[in-house]
Amino acid sequence: MKIAIDMDEVLADPIVKFIELYNRDYGVPLDLKIEPGNEMFQHVPEQINNKWFDYINEKGFFRNLPLIEGSVDAVKKLQEKYEVYIVSAAMEFPNSLEDKYHWLAEHFPFIGWKNIIFCGEKIVNTDIMIDDRAKNFIDFKGRTLLFTSPHNLLLTDYERVDNWRQVLDKLM
Ligand SMILES: [Mg+2]
């Protein structure tokens, strides 16, 4: 059985980094609360809410993102039972490619390069997909697990996992 695992907001946490950068440059509070269904940038003043796009396109943005809690141990565990692929729509931000590769090599050295898929649309035929963006489930034929993130909290049509503990409970 093959499983496709997303990176951002599933393995890595870009939201914390965005808030840190907005805090550094504009004093946005570090404990910024994101309301269910909203994106981070909807909670910063309108004149700077496009700034996230500059941050994310800067080389280095993805190189030092914090880990989502429990992700390393959980992926290692999943490898005992599944062929694990990391699938990231990295083409959306071409400067992210090298950063994401090195970030994975640092934190997930047990994932070989053949199991890393950097792509545009996620057209993959794995048996399971774990992702925080429901748009990636369109046309996907396997089982989907929606990994909870503030922006998807109002969606009810998907099998949801709130954290990596719940992923292991469902899949191991
Ligand atoms: Mg994601």
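In the predicted model, 29% of the 172 residues of the protein count as buried. The C-alpha trace spans about 45 × 35 × 30 Å along its principal axes. A compact globule of 172 residues would have a radius of gyration near 16 Å, and the value for the protein, 16 Å, agrees with this. Of the contacts with a separation of 6 or more, 64% join residues 24 or more positions apart.

The protein has 5 helices and 6 strands, which follow one another along the sequence in the pattern β-α-α-α-β-α-β-β-β-β-α. The 6 strands form an open sheet with parallel pairing, in the order E3-E2-E1-E4-E5-E6. Strand E3 (116-118) and strand E6 (160-161) stand at the edges; each has a single partner strand, so one side of each is left without a neighbour in the sheet.

Several of the pairings can be described in terms of bridges and of residues that stand opposite one another. E1 and E4 pair in the parallel sense over 3 bridges, with isoleucine 5 opposite isoleucine 130 in E4. On pairing with E5, E4 forms 4 bridges, again in the parallel sense, and isoleucine 128 stands opposite arginine 143 in E5. The parallel pairing of E5 and E6 comprises 2 bridges; here leucine 146 is opposite arginine 160 in E6.

In a regular strand the side chains alternate between the two faces of the sheet. In E4, Ile128 and Ile130 point one way, whereas Met129 and Asp131 point the other way, and all are buried.

Nonpolar side chains tend to be buried together in soluble globular proteins. The largest nonpolar core in the model has 28 residues, of which Ile3, Ile5, Val10, Ile130 and Leu145 touch the most other members. Two or more residues of this core come from each of strand E1 (2-5), helix H3 (71-78), strand E2 (83-88), strand E4 (128-131), strand E5 (143-147) and helix H5 (164-171). A second, separate core consists of 6 residues, among them Ile15, Phe18, Ile19 and Tyr22.

Definitions and conventions:
Residues numbered from 1 in each chain as written. Predicted model: local features only at pLDDT ≥ 70, side-chain atom pairs only at ≥ 80, totals over all residues. Core = buried A, V, L, I, M, F, W, Y, C linked by C-beta atoms within 7 Å. Buried ≥ 20, exposed ≤ 12 C-beta atoms within 10 Å, placed from the backbone. Pairing = 2+ DSSP bridges. Rg over C-alpha atoms; globule rule 2.2 N^0.38 Å. Contact = placed C-beta atoms within 7 Å.
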